[in-house]
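Please look through the sequence and the model shown here before reading on. The report then takes up its parts in turn.

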Amino acid sequence: MKHLIILGDGMADWPVASLGGKTLLQYASTPHMNKLARMGRTGMLKTVPTGFHPGSEVANTAILGYDLSQVYEGRGSLEAASIGYELQPGDMAMRCNLICVADGRIKNHSAGHITTEDSDVLIRFLQTELAKEEIFSNVTLTTGIQYRHLLVIKGGDKRLRCTAPHDVPGQEFMPLLVKPKLMEAQPTADLINRLILRSQELLTNHPLNLQRIAEGKDPANSLWPWSPGYRPNMAPLTMTYPAIKRGAVISAVDLIKGIGHYAGLRNIEVEGATGLYNTNYEGKVSAALDALRTDDFVYLHIEASDEAGHEGDIPLKLRTIENLDARVVGPIYDEVSRWDEPVAIAVLPDHPTPCEHRTHTADPVPFLIYYPTIEADAVQTFDEIACKEGIYGVMEKDEFMNAFMTSSAAL
Ligand SMILES: [Zn+2]
């Protein structure tokens, strides 16, 4: 039996008054997910372990069965993997934003949504200049995507208190500089703070920034590193689950690609997979089906619902849920149900992104597991309310992954 997880990012929600007190999964037309829930088994999964923030990187790592307290190393290390930077022992990685600072305050976390092209010019310039200065000899900057870049410090100490720049628009940056959590990390904190200030000196009058200002754009005039960590100590899924000999991840999101990399999954790029509403659903579906023909395990991640939740747009989020049902779950089920080798399918969100709240919450999410010989439970629909009655109850830690991978292995 092969295994496919279909992950609708941020798909879970709260009951909404304007929808007659229904959640979006209840209100949306989702005949295919409902059919799989009816024919399969359901439950609720606690994807955000106590003490962790409800980030996608946390929830998706937990869904794959990893113990976050053992493997969580921040965003930098995951994004490093997605851009092909193999962290070595002793390397400390950080997400490094290019931001816009004005009058001593963080104007925005994205340098006015700078493009990857413009970023690349500035990151390469900084790397060249910093290489001339002895104090920064352990520092490497690598261009990532848009405003999101990678800082690696050889021998860095990750025990730091950092500030995510998107949390503090308009605030003075000096009080937000990096602080050590304990004395041993002081040299690393000092180095990063010197790097931030030096980047501001180097970037302010860079021709590209002068041109951006002339065009009415925000200059990218400061680095802002945060989310420090080392290479995650994640055992590949092939070691934990013997049924997985070879697996793949399909996602438009760097963090998910990074998780897949450390989990030992190959990353499949799909043209036109944007992570937005206009994402190439059909391309992702055919990539997932192709991967399932050669591999035993596929993690198919679709971002659109999360984006709609962040925008607080209920009609749009309903449409993303209906798209996932009609353009992903339906066609995949139709195809694999004709195959000789059965495919177990799980459908779930990573966390709720309630439209009313416009950001992630840590509430447990509904999940369904279906394969041809499974004995159904009584649940008839796939949503946050019905799945509470599911036979799996409320699961946590690696219980979902164990149930998914082993319940069908005996067949
Ligand atoms: Zn998410």
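This is a predicted model: local features need pLDDT of at least 70, side-chain atom pairs count only at pLDDT 80 or more; totals for chains, interfaces and linings use all residues.

## Two domains

The domain assignment divides the protein into domain 1, made of residues 2-72 and 232-406, and domain 2, made of residues 86-229. Taken over C-alpha atoms, the centres of domain 1 and domain 2 are 33 Å apart. Four residues from domain 1 and six residues from domain 2 take part in the contact.

Together, domain 1 and domain 2 bury about 310 Å² between them, and 29% of this area is on carbon and sulfur atoms. On the side of domain 1, Asp254, His261 and Tyr262 supply 76% of the area buried against domain 2, which is more than any other three residues supply.

## Polar links across the interface

How many salt bridges does the rule find across the interface of domain 1 and domain 2? There is one. One residue pair in polar contact is also found across this interface. The residues of domain 1 that touch domain 2 divide into two nonpolar, one polar and one charged.

Aspartate 254, already named for its share of the buried area, also forms a salt bridge with arginine 148. The closest N and O atoms of arginine 148 and aspartate 254 are 3.6 Å apart.

By the rule used here, the model has 23 salt bridges. One of them joins glutamate 86 and arginine 231, with 2.6 Å between the closest N and O atoms. Glutamate 86 lies in the loop between helix H5 (74-82) and strand E3 (91-102), and arginine 231 lies in the loop between strand E9 (222-229) and helix H9 (237-240), so this pair ties together parts that are 145 residues apart in sequence. Are these two residues buried, exposed or partly exposed? Glutamate 86 is partly exposed, with a relative accessible area of 39%, and arginine 231 is partly exposed at 36%.

Another salt bridge links the side chains of arginine 327 and glutamate 282, at 2.9 Å from N to O. Arginine 327 belongs to helix H13 (residues 314-336) and glutamate 282 to helix H11 (residues 281-294), so the pair ties together parts that are 45 residues apart in sequence. Both residues count as partly exposed: the relative accessible area is 30% for arginine 327 and 41% for glutamate 282.

An α-helix has 3.6 residues a turn, so residues three or four places apart point the same way. The closest N and O atoms of arginine 293 and aspartate 290 are 2.8 Å apart.

Arginine 293 is partly exposed at 46% relative accessible area, and aspartate 290 is partly exposed at 44%. Asp290 and Arg293 belong to one network with Glu335 and Arg338, joined by salt bridges that share partners.

Which residues of helix H12 (residues 304-311) are buried? They are Ala304, Ser305, Asp306, Ala308 and Gly309. The cover over these buried residues includes H11, strand E12 (297-302) and H13. Glycine 312 follows H12, and the phi of glycine 312 is positive, near 65°.

Technical notes: Residues are numbered from 1 along each chain as its sequence is written. Side-chain values use heavy atoms; hydrogens and water are left out. Domain bounds come from an automatic or database domain assignment. Contact means heavy atoms within 4.5 Å. Buried area is the accessible area (1.4 Å probe) that two parts lose on being put together, summed over both. A salt bridge is a side-chain nitrogen of Lys or Arg within 4 Å of a carboxyl oxygen of Asp or Glu. A polar contact is a pair of N or O atoms within 3.5 Å; within protein, one must be able to donate a hydrogen and the other to accept it, and residues adjacent in sequence count only if both atoms are side-chain atoms. Ala, Val, Leu, Ile, Met, Phe, Trp, Tyr, Cys and Pro count as nonpolar, Asp, Glu, Lys and Arg as charged, and the others, Gly among them, as polar. Helices (H or I, at least four residues) and strands (E, at least two) are DSSP runs, numbered from the N terminus. Buried means under 20% relative accessible area, exposed over 50%, partly exposed in between (1.4 Å probe, protein chains only).
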